[in-house]
Structures are given as C-alpha cells and as structure tokens.
Amino acid sequence: MALYEHIYLARQDVSPQQVETLTGQFKAIVTSLGGTVGKVEYWGVKSLAYRIKKNRKAHFTLMNIDAPPAAIAELERQQSINEDILRILTLRVEELEEGPSAQLRKREDDDRGGERRGGPGGAPRGDRRPRREEGRAEGEVE
C-alpha cells in the first residue's frame, strides 16, 4: 500500500464538531477499503490566500493515510460531492512524518510569544541607530 498526506479544507461556518464528524466519515471510507489512517491533525480555522466559493477562511485538517490508490480515489470522490469541503490535496509520500507537523510546531512557537523580541533578525528595536531626517545633510545642525 502507498503512503499519503491528505489535507482538506472545510467551510468556515461549519463547527469544529462537524469537522470532527466529517473526519470520522472519511476515516471510515479509507478503512472500509483496506487502508489505515495513522495521524489526524486539526489545524484550526485559517485565512485563505484568496476567496474559495465565497469563503475567506476555512477549517484545515491533515490526515496521514496508508491505503491502496482505490481508497484514495473513493475518498476524493466523496469529498468532491460534499458541499462543506472547499478544497482537497493528496500527496503521495515516501514516508509519513512522525510527531507534530510543521504547521502545529509553528503554532506552538507562536504561542510561546515572549522569546522573540524586536524586528527582523531578533534585534531589539532600541539598539538601532536613529534614521536620518529627510532634507538635512549629514553633520548639519539645526
């Protein structure tokens, strides 16, 4: 069987409980056709880069799947019928990533907050030299 990373986007006005129900339905489809779902990560509601079917945000969910291609084809068919699903992406991978995905690690880093200070490169803003004002030459005094 092949390994897949599958991500689907659900409409923003669907509740997180309904997204869990959808995930359960999709897992049942994969297992009924001889596959297994290893890891499921709910990434939450995120902004989209552009509108998709009049939605600006969506619920993102990642599923790591070990299944035959026929199971993936059926999963994608069922999701294309469902009006709550905006987009899907299935990638065949050589091996599945263990532990939290990069998206969850990013959120954990953002939650820590106080470790990063200042602007780009982590330099505190107070250590910068002041800007030269427009219209005044260097070394000129008012």
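Buried means under 20% relative accessible area, exposed over 50% and partly exposed in between, with a 1.4 Å probe and protein chains only. By that rule β1 (2-11) is mostly covered, with seven of its 10 residues buried. Strands are DSSP runs of E of at least two residues, helices runs of H or I of at least four, both numbered from the N terminus.

This is a predicted model: local features need pLDDT of at least 70, side-chain atom pairs count only at pLDDT 80 or more, and totals for chains, interfaces and linings use all residues. Residues are numbered from 1 along each chain as its sequence is written, and side-chain values use heavy atoms, leaving out hydrogens and water.

**Strand pairing**

**Cores**

A nonpolar core is a set of buried Ala, Val, Leu, Ile, Met, Phe, Trp, Tyr and Cys residues joined through side-chain atoms within 4.5 Å. The largest has 18 residues; Tyr8, Phe26 and Met63 are among those with the most contacts inside it. β1, α1 (16-32), β3 and α2 (69-81) each supply at least two residues. α1 gives the most, with five. A second, separate core of 10 residues includes Leu9, Ala58, Phe60 and Leu104.

**Asn64**

Asn64 lies in β3 (residues 55-67). Asn64 counts as buried because its relative accessibility is 3%. Contact means heavy atoms within 4.5 Å. Beyond four places in sequence, Asn64 touches residues including Tyr4, Glu5, Lys39 and Glu97.
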